[in-house]
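This report describes one protein model from its overall make-up down to single residues. Please look at the sequence and structure before reading on.

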Amino acid sequence: MESLTKLNFSELYQKYGPMVLRRCRFMLHDEDLALDAMQDVFIKIMENSCKIKNVCSSLFYVTATRVCLNIIRSNKLRTGPDFDLITEMMTDEFSKKEAEKIEARNVLDSIFSKRDEKDSLIATLHFVDGLTLEETAEQAGMSVSGVRKRISELKKYALNNA
């Protein structure tokens, strides 16, 4: 994974552009729409660059999927094709899970900007990676009760700072 601040737009476009275009073509079945969608993907990522810590292919893949689904959804309002069927065909399990992880990590990054690094590690292990309290405690080098206490504090902090 690479940091977004270390890469400029043209490097990102060269590296991930072909993959994004393939995804857009597959989903939209229209060259002009696919090219427009590809541009939208890069615009969205650059607009949110301050929130993104790491750049990887799944970020672009998931963003392309979402942009294309939004285009399909908006076209449905104008033309009326069966959107649910199209969505079901186009969205695979990988993109759903990756999207959820990216969203969760972005939320956690904003919450943990003023918290201890261990809190971030615990929350990521437990809430994002789905580890049990025991597994999280083992990975973090803490006791289960210590992890449970930090998670409780984190929940209170997140509710008060949301």
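**Basis and confidence**

This is a predicted model, in which local features need pLDDT of at least 70, side-chain atom pairs count only at pLDDT 80 or more, and totals for chains, interfaces and linings use all residues. Residues are numbered from 1 along each chain as its sequence is written, and side-chain values use heavy atoms, with hydrogens and water left out.

The protein chain has a mean pLDDT of 78, where pLDDT is the predictor's confidence in each residue, from 0 to 100. A value of 70 or more is reached by 74% of the residues. Confidence is highest in helix H2 (residues 31-47), at a mean of 91, and lowest in helix H4 (residues 83-90), at 56. Where pLDDT is low, the predicted coordinates should not be read in detail.

**Overall make-up**

The protein chain contains 8 helices and 0 strands; helices (H or I, at least four residues) and strands (E, at least two) are DSSP runs, numbered from the N terminus. Read from the N terminus, the order of elements is α-α-α-α-α-α-α-α. Of the 162 residues in the protein chain, 35% are buried. Buried means under 20% relative accessible area, exposed over 50%, and partly exposed in between, with a 1.4 Å probe and protein chains only. A contact means heavy atoms within 4.5 Å. Among contacts in the protein chain with a separation of 6 or more, 58% come from residues 24 or more positions apart.

**Helices H7 and H8**

How do the axes of H7 and helix H8 (residues 144-160) cross? They come within 8 Å and cross at roughly 100°; axes are lines fitted to C-alpha atoms, for helices over the stretch in contact, and angles run from 0 to 180 degrees between N-to-C directions. H7 and H8 are therefore roughly perpendicular to each other. Angles under 35 degrees count as roughly parallel, over 145 as roughly antiparallel, 65 to 115 as roughly perpendicular and the rest as oblique. On the H7 side the contact is made by Leu133, Glu134, Thr136 and Ala137, and on the H8 side by Val144, Val147, Arg148 and Ile151. By class, this contact has 5 nonpolar, 1 polar and 2 charged residues. Here Ala, Val, Leu, Ile, Met, Phe, Trp, Tyr, Cys and Pro count as nonpolar, Asp, Glu, Lys and Arg as charged, and the others, Gly among them, as polar.

Thr136 sits in helix H7 (residues 133-140) and is buried, at a relative accessible area of 0%. The side chain of Thr136 reaches the backbone oxygen of Thr132 at 2.8 Å. Leaving out residues up to four places away in sequence, Thr136 touches Ile122, Leu125, His126, Leu131 and Val147.

Leu125 belongs to helix H6 (residues 117-128) and is buried, with a relative accessible area of 10%.

**The loop between H7 and H8**

Gly141 and Met142 are both placed in the loop between H7 and H8. Gly141 is exposed, with a relative accessible area of 64%, whereas Met142 is partly exposed at 23%. Met142 touches Lys118, Ile122, Ala137, Val147 and Arg150, not counting residues up to four places away in sequence.

**Other positions**

His29 is found in the loop between helix H1 (9-28) and H2. This residue has a positive phi of about 55° although it is not a glycine, and His29 is exposed at 62% relative accessibility. Ile72 lies in helix H3 (residues 57-79) and is buried, with a relative accessible area of 8%.

The table gives C-alpha to C-alpha distances for pairs that include residues described above.

| Pair | Separation in sequence | C-alpha to C-alpha distance |
|---|---|---|
| Leu125 and Thr136 | 11 residues | 5.9 Å |
| Met142 and Ile122 | 20 residues | 9.8 Å |
| Gly141 and Lys118 | 23 residues | 9.9 Å |
| Ile72 and Leu33 | 39 residues | 10.0 Å |

Methods
A polar contact is a pair of N or O atoms within 3.5 Å; within protein, one must be able to donate a hydrogen and the other to accept it, and residues adjacent in sequence count only if both atoms are side-chain atoms.
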